[in-house]
Amino acid sequence: YTSGCSAKLTARGKTAAQAQKLCQCSLSNMQNQYSQSQAIVFLTKAQFTSSTDPKTGLPSALSPYFVSCKA
């Protein structure tokens, strides 16, 4: 998750360090809400949605996990 997330964020202008920090934060937020197996199912489903957040380039379903994150 983190490497793919970082690649999308750096493609949208974030530095590698900023992207890493944001992706780790969003993953932590997700882990606070889901068990590991639930998170895997959620991420798999999110990858197959056509809706993409223009700010992150990631599936829109992941957007709420970035709200509290700062780079």
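Cys69 lies in the segment that follows helix 3, helices being DSSP runs of H or I with at least four residues, numbered from the N terminus. With a relative accessibility of 7%, Cys69 counts as buried, where buried denotes under 20% relative accessible area, exposed over 50%, and partly exposed the range in between, as computed with a 1.4 Å probe on protein chains only. The model is a predicted one, in which local features need pLDDT of at least 70 and side-chain atom pairs count only at pLDDT 80 or more, whereas totals for chains, interfaces and linings use all residues. Residues are numbered from 1 along each chain as its sequence is written, and side-chain values use heavy atoms, with hydrogens and water left out.

Although Cys69 and Leu22 are 47 residues apart in sequence, their C-alpha atoms are 5.9 Å apart in space. When neighbours within four places in sequence are left aside, Cys69 is in contact with Leu22, Cys25, Ser26 and Asn29, contact meaning heavy atoms within 4.5 Å.

The axes of helix 1 (residues 2-11) and helix 2 (residues 16-33) come within 8 Å and cross at roughly 130 degrees; axes are lines fitted to C-alpha atoms, for helices over the stretch in contact, and angles run from 0 to 180 degrees between N-to-C directions. The two helices, helix 1 and helix 2, are therefore oblique to each other, a class left over once angles under 35 degrees are taken as roughly parallel, over 145 as roughly antiparallel and 65 to 115 as roughly perpendicular. To this contact helix 1 contributes Thr2, Cys5, Ser6, Leu9 and Thr10, and helix 2 contributes Ala16, Ala19, Gln20, Leu22, Cys23, Gln24 and Leu27.

Within helix 3, Phe42 is buried, with a relative accessible area of 17%. Not counting residues up to four places away in sequence, Phe42 touches Met30, Tyr34, Ala61, Leu62 and Tyr65, while the C-alpha atoms of Phe42 and Ala19, 23 residues apart along the chain, are separated by 21 Å.

Ser60, placed in the segment after helix 3, is partly exposed, its relative accessible area being 25%. Beyond its neighbours within four places in sequence, Ser60 is in contact with Ser51, Thr52 and Asp53.
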